[in-house]
Amino acid sequence: MGGKAQKTEAAPDPWDIGFGAVLFVFALLALFVWFPNDIRGGFVEVDHAGKPEPGDAFFPVLLTSAILVLSASHVLKSLLLRRHSDEARTTARLTRDDLIFLVLFNLLVCAGLAAMYWLGPLVTAVAGFVSASDLTYRQLVDTVPYKYVGYGIGGFLMTATLIAWAEAGLRWQAILAVMGVIAASIIVFDVLLINVQLPPNADY
């Protein structure tokens, strides 16, 4: 009545459902196709002292299982909780802005991963040239600071750039948060878990 917009119930958002479904399928393929054919070690292995420790598949399986559960929950939530708006929208179109967003997002992620992968060998090559050393990154892959260069700088650049893009700026609190997460992950995965290598060091 009178100037009040009537609230109507909208159909589930197809983009929400599609996003969750794609992640769910990817997680299933990773768990049952990719990991069994690519990861040699098991989920839990026994060291030389007979003590159980995380195997090569431990963290990939845990992470992918979490993605599987979260994506399934996201799809169910999208199906059960319908959106409410002044005018129900039952269709959605892929616009030019959506495509630009997807392209930029993937470019930023790929650039961050490239920096993570190549910065270590690049720094090693430059240091070797300056010091006339013939040591390669493969030989220094477990040596400080070389093993932290790619993961630390590449991870920071990728995460901080995405945060700055999402928030239209980068606050010092966000910088500290990113640095804290990277430092904490280094302590957990490289210091406390002695048989785990930081990405992408295990590839060298």
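Buried means under 20% relative accessible area, exposed over 50%, and partly exposed in between (1.4 Å probe, protein chains only). The model is predicted: local features need pLDDT of at least 70, side-chain atom pairs count only at pLDDT 80 or more, and totals for chains, interfaces and linings use all residues. Residues are numbered from 1 along each chain as its sequence is written, and side-chain values use heavy atoms, with hydrogens and water left out.

**View 1. W34 and F35 form a tilted aromatic pair.** Rings of Phe, Tyr and Trp (its six-membered ring) pair if their centres lie within 6.5 Å; planes under 30 degrees apart count as stacked, over 60 as edge-to-face and the rest as tilted. For W34 and F35, the centres are 5.3 Å apart and the planes lie at 45°. F35 is buried at 9% relative accessibility. W34 is partly exposed at 44%. Ring pairs also join F26, W34 and F35 into a cluster.

**View 2. Y117 and W118 pair edge-to-face.** Their ring centres are 5.0 Å apart, with planes at 80°. Y117 is partly exposed, at 29% relative accessible area. W118 is exposed, at 55%.

**View 3. The loop between α3 and α4 holds A132 and P145.** Helices (H or I, at least four residues) and strands (E, at least two) are DSSP runs, numbered from the N terminus. α3 spans 96–131 and α4 spans 146–167. The peptide bond between V144 and P145 is cis, with omega about 5°. A132 has a positive phi, near 55°. A132 is exposed, at 71%.
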